[in-house]
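Morning, everyone. I'll walk you through one structure, piece by piece. Please have a look at it first.

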Amino acid sequence: MKSGLDAKHLRPVMTTSKQRRGKLTKALIIGQGAREHAFGWKLAQEGVELLFGPGNAGTRKLGHNLDFIDPEKDDISREVIRFGHEEQIDFIAVFHENQLKKGLVNRFTRAGFATFGPTIEASKIEWSKIWANQFLDLYGISHARGVKFFPEYDFVLPNNFRVVKADGLARGKGVKIAKTIREIPKLVTELSIQHPEAAREILIQEFLEGREVSVQAFSDGKNLIFLPPAVDYKRIGEGNQGENSGGIGSFCIDTWLNRQNEAEVKTIMKKLVDFLALNDRPFYGLIYGGFVLTKDGPKLIEVNARPGDPETQVILPRLRSDLFPVLQQSAAGQFDVTSLDWDPRVAVCVVLCSEGYPGKPIINRVIHGLNDLPKDILVFHAGTTLNDKRELVTSGGRVLSIVALGATLEEARAKVYEAIKQVHFEGMYFRSDIALNV
């Protein structure tokens, strides 16, 4: 495909038709988690022909898994571009944060593929926490204040500067919270050992009191289409104790934000996208804002350049509108729609994890019971594969997302935990307090 736009921010011209020369649209999703499975699940219902790179045991049932694609590699663009041209792929969605940082969207777009996701320039808002902090400061966007770490700061920082963050990507595990500022150097050392690449530099942020919420929006570089708010559980232990994980549970309920907070959050997100565009970093794709609802109003504590996981797993099951046209229009840089239709019910997700997670998970354990689940229970795979006996086994830390919808939070929660009783693998772990007493 050709475009008259400049090469730096090339956006392909696309049609919203599902048909291509009499064939179904063929789309490739880069990634292997439950988030990618959830997007595939929705797109499959809309008649999109799907490929996943590399995908998991769940995505295999929706389309074709491409095992030769490894998003953990530094550069997968050449092999994907060659394959994409050979197989006449129409559309590519990039959700993997490592590949966003490597500029995969830039390369695919320049190669002529319609691509959903931000450029390397725009995605810097996620892959450099220090740069993002400076950017938010510069434009007066409401957020948790932060400073780059230097050893002497533990003596001069205000007492509420206790959040220790790796500057780079650490799969949601690059955050530690100090009890006092004296503990900061110890936590910096721990992060540097656990995530040597991501934690070459460290951001120290103020700790904010208040309820947390994840707010996401599709962006065409100028306009935003907001998704319902969701709440993510990061800590591995009951009662929000223990180490940070990539996300171990979530729920989605419209009433989590009152009208004033909702308006303020949307204003902050729009301001962020506007200033990214002003700095020649237009954001195409889905932008994620992690907020704390403080007594002084909502404040950003993190910005991600791709859909949240496990938030995606509780949001997409509520989406009644077609998803694919929104992805196409975002990639093209021009929305035709301004809002989406949502199921009014509440959704709850509980993540089943491998023994050892969020450290080194024990894998290759056979998973039982998925065929016994009620039909209205959704299961999105993450760390799953098939062994030599064609048995479903664990292959990562976060294994399965179990999701239910209900008229109330209590109903959806009860359905999820009842369903989990049917599922088992050795060493299976999950939190029993997701969406409890909120």
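Let's start with a word we need: buried means under 20% relative accessible area, exposed means over 50%, and partly exposed is in between, using a 1.4 Å probe and protein chains only. Now the ground rules. This is a predicted model, where local features need pLDDT of at least 70, side-chain atom pairs count only at pLDDT 80 or more, and totals for chains, interfaces and linings use all residues. Residues are numbered from 1 along each chain as its sequence is written, and side-chain values use heavy atoms, with hydrogens and water left out.

Take leucine 327. Is leucine 327 buried or exposed? Its relative accessible area is 1%, so leucine 327 is buried. Leucine 327 is placed in helix H11, residues 324-332. Helices here are DSSP runs of H or I with at least four residues, strands are runs of E with at least two, and numbering goes from the N terminus. What does leucine 327 touch, leaving aside neighbours within four places in sequence? Contact means heavy atoms within 4.5 Å. The contacts of leucine 327 are then Phe39, Leu43, Phe91, Phe116 and Phe218. Leucine 286 is 41 residues away along the chain, and its C-alpha atom is 9.0 Å from that of leucine 327.

One aromatic cluster is formed by Phe39, Phe95, Phe116 and Phe218. Rings of Phe, Tyr and Trp (its six-membered ring) pair if their centres lie within 6.5 Å; planes under 30 degrees apart are stacked, over 60 edge-to-face, and the rest tilted. How many aromatic pairs does the whole structure hold? The search finds 13. In one of them, tyrosine 139 and phenylalanine 275 have ring centres 4.2 Å apart and planes at 25 degrees, so this pair is stacked. Tyrosine 139 lies in the loop between helix H6 (129-138) and strand E8 (146-148), and phenylalanine 275 in helix H9 (residues 259-278), so the pair ties together parts 136 residues apart in sequence.

The rule: NZ of Lys or CZ of Arg is within 6 Å of the ring centre and within 35 degrees of the ring normal. Arginine 162 lies over the face of phenylalanine 207, 4.7 Å from the ring centre. Arginine 211 has its charged end over the ring of tryptophan 256, at 4.3 Å from the centre.

Next, the sheets. Two strands pair if DSSP finds at least two bridges between them. Strand E6 (residues 91-94) runs parallel to E7, and 3 bridges join them. There, isoleucine 92 stands opposite threonine 115 in E7.

Helix H2 (residues 77-86) has Ser77, Glu79, Val80, Ile81, Phe83 and Gly84 buried. Their cover includes strand E3 (26-31), strand E4 (49-54) and helix H4 (104-110).

Now strand E18. Why call E18 largely enclosed by the rest of the structure? Because 8 of its 8 residues are buried. In a regular strand the side chains alternate between the two faces of the sheet. On one side of E18, Val346, Val348, Val350 and Leu352 are buried, and on the other so are Ala347, Cys349, Val351 and Cys353. E18 pairs antiparallel with strand E15 (residues 241-252) over 4 bridges, and with strand E22 (residues 398-406), also antiparallel, over 8 bridges. Phenylalanine 251 has valine 348 of E18 as its bridge partner, while valine 351 has serine 401 in E22.

What about disulfides? A disulfide is a pair of cysteine sulfur atoms within 2.5 Å. The whole structure has 0. For cysteine 252, the closest cysteine sulfur is 11 Å away, in cysteine 349, too far for a bond. Cysteine 349 is in no disulfide either, with the nearest cysteine sulfur, in cysteine 353, at 9.9 Å.

Last, the backbone. Which peptide bonds are cis? Glycine 53 to proline 54 is cis, with omega near 0 degrees, and proline 54 sits in strand E4. Tyrosine 357 and proline 358 are also joined by a cis peptide bond, with omega about 10 degrees. Aspartate 280 is not a glycine, yet has a positive phi of about 60 degrees. Thanks, that's my tour.
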